[in-house]
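Hello,

Here is the structure we talked about. Please open it and keep it on screen while you read my notes below.

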Amino acid sequence: MDVMPKWADVVLVPVISLILAMVISALVILAIGEDPWAALKLMVQGSLGSTYGWGYTLYYATNFVFTGLAVSIAFHASMFNIGGEGQATLGGLGVALVCLAVPWPHWALALPAAMVGGMVFGAAWAAIPAYLAAKRGSHIVITTIMFNFIGAAVLNYMLVNVLRPTGSMDPATAKFPPGTNLPTLHEMLAPFGISFSKSAPANISFLIALLACFLLWLLIWRTRFGFELRAFGKSESGAIYAGIRPTKIIMGSMLISGALAGLMAINTVQGEAERLVLNSVEGAGFIGIAVALMGRSHPLGVLIAAILFGFLYQGGAELALWTTIPRELIVVIQGLVILFTGALDNMVRMPVEKVFLRLRRSNNGAGE
């Protein structure tokens, strides 16, 4: 029997970790001569106080949902996929090739094709480290993080030597055909009489991210493959004894992980930039690790954590614009969140478990 209830593990422990990270962040802000309370209010106002702020918050959150889910499914198989950055990078290449290949007449046709392109390229980039881990015993952390750099080099070569329009000095593709442009939340909500900022980049990809959360929940907790995946993650030797093939789990989970990371490109490449540029991922692959850790690798937790990090990203931009607080401070806050929800998880968990253990003993004593 678990010492503390499931809700405490999923909600209470991350919330306490987040509060601790915020308290230390407030002390850092105070140390550089700024008012922490004023900074917090500015972040909230800038990221949640208007449809413009919400548009950017949800745009960033969409990226983090995809990369967070990518890391989560690998976590369930007891694998640490740090290659989300490279897989999302190659996913962007797949999306760009699809969007440029055909003069698409409408986004409703271009979007499914671009999704397939991003997922196939992302999965293919994850398949190589997965094969090396399954067949050669290579460490998945080492191979995936190395493939991030290789992926960046591949994209750089393609943009500079293959996909760059003639006469252009910018290492980027040409603008995608107008038929590939995804509807923004402003365009989607206007028919319902709901006003939303025209300049906010949030688009239909956010709804696809929500659908991905639901489908991944079904896969992990409502399918045979999901059961085998979780069994393998809990005990590899026990899973093998039960007849579960390691190669199937490693390859399957990593292919899905890479596909989810590659799917992020529909938001950044097709949705926001409407062309492929260098560094379109902007670190979202690494933020996905923190999102998965904070969300306890559960799709709902990943969604909540992604919105939190989207808030931090947009709020940090507002701080940098209107105060003397550098935007890099948001990296410090993100690092503190990762530190407390990941590396120092037991520092919070153990005292909480002791509290619930004492409560249980007192309840048992009262019952006697």
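**Helix 3 and its partners**

Start with a contact between two helices. Tyr59, Thr62 and Asn63 in helix 3 meet Asn267, Thr268 and Glu272 in helix 12. By class, one residue in this contact is nonpolar, four are polar and one is charged. Keep in mind that this is a predicted model.

How are two packed helices described? The angle between their axes and the distance between the axes are used. Here, helix 3 covers residues 51-76 and helix 12 covers residues 265-273. They pack at an angle of about 150°. Their axes are 10 Å apart.

**Aromatic rings**

Now look at the rings. The structure holds eight aromatic pairs. One of them is formed by Phe64 and Tyr313. This pair is edge-to-face, with 5.2 Å centre to centre and 70° between the planes. Which parts does the pair tie together? Phe64 lies in helix 3 and Tyr313 in helix 14 (residues 299-322), so the pair joins parts that are 249 residues apart in sequence.

Are these two residues buried or exposed? Phe64 is buried, because its relative accessibility is 2%, and buried means under 20%. Tyr313 has a relative accessible area of 14%, so Tyr313 is buried as well.

Ring pairs also build a cluster. Its members are Tyr52, Tyr56, Tyr59, Tyr60, Phe64 and Tyr313.

**The nonpolar core**

In soluble globular proteins, nonpolar side chains tend to be buried together. The largest nonpolar core in this model has 90 residues. Which of them touch the most other members? They are Phe64, Leu69, Val291 and Phe309. Helix 3 gives the largest share of this core, 11 residues.

Stay with Phe64 for a moment. Leave aside its neighbours within four places in sequence. Phe64 is then in contact with Ala284, Ile287, Val291, Ala306, Phe309, Gly310 and Tyr313.

**Helix 13**

Helix 13 spans residues 284-294. Nine of its 11 residues are buried, so helix 13 is largely enclosed by the rest of the structure. Among the buried ones are Ala284, Ile287 and Val291. Just after helix 13, Arg296 takes a positive phi of about 55°.

**Cysteines**

How many disulfides are there? The count comes to zero. Cys99 is buried, at 1% relative accessibility. Cys213 is buried too, with a relative accessible area of 7%.

Best wishes

Key:
Residues numbered from 1 in each chain as written. Predicted model: local features only at pLDDT ≥ 70, side-chain atom pairs only at ≥ 80, totals over all residues. Heavy atoms only, no water. Disulfide = S-S within 2.5 Å. Buried < 20%, exposed > 50% of the residue type's maximum accessible area, 1.4 Å probe, protein only. Axes fitted to C-alpha atoms, helices over the stretch in contact; angles between N-to-C directions. Helix = DSSP H or I, 4+ residues; strand = E, 2+ residues; numbered from the N terminus. Contact = heavy atoms within 4.5 Å. Nonpolar A, V, L, I, M, F, W, Y, C, P; charged D, E, K, R; others polar. Phe/Tyr/Trp six-rings, centres within 6.5 Å; stacked < 30°, edge-to-face > 60°. Core = buried A, V, L, I, M, F, W, Y, C linked by side-chain atoms within 4.5 Å.
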